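Student: I have a structure open and a few things to ask about it. Can we go through them one at a time?

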Amino acid sequence: YDGAKNLFYNDCFMLTMDSAGGHTWNLLGCDNKPGTRSAHQAIEWHVGLYIFGGEWSSQNGQKFKLFDDLWRLDLSEQNWEKIDGSASGPSPSARSGHRMVC
């Protein structure tokens with residue numbers, strides 16, 4: 001990192017481990033996926049990978065955005081869906097660098 005520009009990605013790789021200790025990375029070709037971000041948190045629960053929040057900034061750091069969205073990657077179907085924010089009770093505000101537990 002040279003400190004001159006920020007790079008963010010929204011690609012998604014799945015790691016497959018085998019019993020002999022080998023592994024394979026596969027790039028998932030998902031269409032409807034979360035926007036480019038970093039410093040989000042993720043948990044795996046019931047064949048789904050959930051991510052919440054995170055941040056984005058322009059390459060020169062002049063623009064910045066925090067996210068408050070929740071997404072689920074169905075690990076068997078390998079597709080993303082945005083989870084409706086109408087949960088019962090209060091929901092977290094936009095944030096990055098936080099922790100999640102289930």
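Student: Leaving aside neighbours within four places in sequence, what is K33 in contact with?
Tutor: This is a predicted model. In it, K33 contacts N10, W71 and W80, once neighbours within four places in sequence are set aside.

Student: Where does K33 lie?
Tutor: K33 is in the loop between β2 and β3, the latter being 41-45.

Student: Is K33 buried, partly exposed or exposed, and why?
Tutor: K33 has a relative accessible area of 28%. That makes it partly exposed, because the class covers values between 20% and 50%.

Student: New topic, F8. Where is it found?
Tutor: F8 sits in the segment before β1.

Student: Which residues does F8 touch, leaving aside neighbours within four places in sequence?
Tutor: F8 is in contact with T36, R37, S38, E55, W56 and S57 on that basis. For W56, which is 48 residues from F8 along the chain, the C-alpha separation is 7.2 Å.

Student: Now the nonpolar surface patch. Which residues make it?
Tutor: F13, L15, M17, W25 and L27 do, and the patch covers about 560 Å².

Student: Which strands supply at least two residues each?
Tutor: β1 (13-17) and β2 (23-27). The largest share, 3 residues, is from β1.

Student: What about L15, where is it found?
Tutor: L15 is in strand β1. Its relative accessibility is 38%, so L15 counts as partly exposed.

Technical notes
Residues numbered from 1 in each chain as written. Predicted model: local features only at pLDDT ≥ 70, side-chain atom pairs only at ≥ 80, totals over all residues. Heavy atoms only, no water. Patch = residues over 30% accessible without salt bridge, like charges linked within 9 Å, V, L, I, M, F, W, Y side chains within 5 Å. Areas by Shrake-Rupley, 256 points an atom, 1.4 Å probe, with all protein chains shown as cover. Salt bridge = Lys/Arg side-chain N within 4 Å of Asp/Glu carboxyl O. Helix = DSSP H or I, 4+ residues; strand = E, 2+ residues; numbered from the N terminus. Buried < 20%, exposed > 50% of the residue type's maximum accessible area, 1.4 Å probe, protein only. Contact = heavy atoms within 4.5 Å.
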